[in-house]
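Q: I am new to this structure and would like a short tour. Could we go through it together?

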Amino acid sequence: MDKRQKIMNLWRQNFHDSEEFIQFYFAHKYNNENALVYEENGEVLSALLMLPYPMKWQDTVIQTAYISGACTQEKARNQGFMTKLLQTAFHQMYKRKIALSTLIPAENWLFDYYSKLGYVPVFEYSSEEYIPRQTTFSINKHTRSPQTYDTALTARLFPFFQQKTAEYPCTIVHTPEDYKAIVEETYLSGGRLIYSQIPASGEITGWALAVPSPDKVYLKEILYSTEHEKTTLLETCSKIWPGSSIKYRTPPQTLYQTPYGMARITHASLLLQHIAINHTHLSLTLKLTDPHIPQNTGIYFLSHGKCEKVTTCNSPTDIETDIPTLTQAVLGYRINELPPALNALSETCFPYMNLMLD
């Protein structure tokens, strides 16, 4: 049995996904090079995937690795296998010059577990709910809801999707291939893609992915040009599933919203070099400690657009910090809670992660 099949079997033991979804996920996301396993006597006891995702950050795009499908056989739990596997993943990410690792904890208690490995919950979201109108309404004639995946339609819709998601200042970026998988998985789950357009020109003005549940409809994402288009998309959704309220997530606009995803720096030099280049006025000596990726540990001099790293320094440092705090600082997450020296690394930001096939 090959590694891919062993990981699929472990996935079946740990997650409550349908066989159809598992086959779909491994067909679209699996790659041997990005899969790590802990084995004993040929038996996979623990496994995870490191999925590559670009991320928009400080007017550039950095490479990230999203931890997916992290699981351990029940008989092998609480023996440190997953911790060892994640540490191996960190070192591979560093060698590959991947700047950041991200993940979404499957359960609330896992936030504490991952925080011990340097992750911090920087991705949050806000929740909204739409209650359908009591009176009947007519859907705008320029609103559509295809019932199957359409390649030609994707070519029209993806540029709008790309444009609207690019408006988020710090966000995971979805490639055309990833977009295709996201939409296809929605149909697999019994959901629908809903979009609106201007009839005369065909210009796309709204986009949403909706998945029904017994008592509600969940929008995985809703993107629109105006509030009118937003209402049109929501009303269309209500027409498809009459009587259901609609819940959806939006990027946070204020601090202290619902925690969702976590991140940790895996290559500090790459991020600090970019910050130095784009903040030439910045002069800072930073001492960083990373017990899980020793290559990150050191003293960093940021001055005149350059970043230099040394292992020892006789002069005093401006700030001593760790990986979770530095991650929070460079992503602009709750920087009001950080020391002034770290506030200079980024402006306040609301990092956003969504549509990760979680």
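This is a predicted model: local features need pLDDT of at least 70, side-chain atom pairs count only at pLDDT 80 or more; totals for chains, interfaces and linings use all residues.

Q: Which residues touch the most other members of the largest nonpolar core?

A: They are W207, L302 and L345, in a core of 77 residues. A nonpolar core is a set of buried Ala, Val, Leu, Ile, Met, Phe, Trp, Tyr and Cys residues joined through side-chain atoms within 4.5 Å. Buried means under 20% relative accessible area, exposed over 50%, and partly exposed in between (1.4 Å probe, protein chains only).

Q: And which strand gives the most to this core?

A: Strand β2 (residues 43–57) does, with seven residues. Strands (E, at least two residues) and helices (H or I, at least four) are DSSP runs, numbered from the N terminus.

Q: What other core lies apart from it?

A: Another core has 21 residues, among them A65, Y94, L117 and I293.

Q: Changing topic, how do helices α2 and α6 cross?

A: The axes of α2 (residues 19–29) and α6 (residues 176–188) come within 11 Å and cross at roughly 175°. Axes are lines fitted to C-alpha atoms, for helices over the stretch in contact, and angles run from 0 to 180 degrees between N-to-C directions. The crossing makes α2 roughly antiparallel to α6, a term for angles over 145 degrees.

Q: Which residues of α2 make the contact?

A: E20, F21, F24, H28 and K29 do so, facing D178, A181, E184, E185 and L188 of α6. Contact means heavy atoms within 4.5 Å.

Q: What about β14 and β15: in which sense do they pair?

A: β14 (residues 298–303) and β15 (residues 306–310) pair in the antiparallel sense over five bridges; strands pair if DSSP finds at least two bridges between them. Y300 has K309 of β15 as its bridge partner. Two residues lie between the strands of this hairpin, where H304 takes a positive phi near 50°.

Q: Is I7 buried or exposed?

A: I7, in helix α1 (residues 3–14), is buried, with a relative accessible area of 2%. Beyond four places in sequence, I7 touches F26, Y30, A35, V37 and A47.

Q: Where is T175 found?

A: T175 is in the loop between β7 (171–172) and α6, and counts as partly exposed at 28% relative accessibility.

Key:
Residues are numbered from 1 along each chain as its sequence is written. Side-chain values use heavy atoms; hydrogens and water are left out. Angles under 35 degrees count as roughly parallel, over 145 as roughly antiparallel, 65 to 115 as roughly perpendicular and the rest as oblique.
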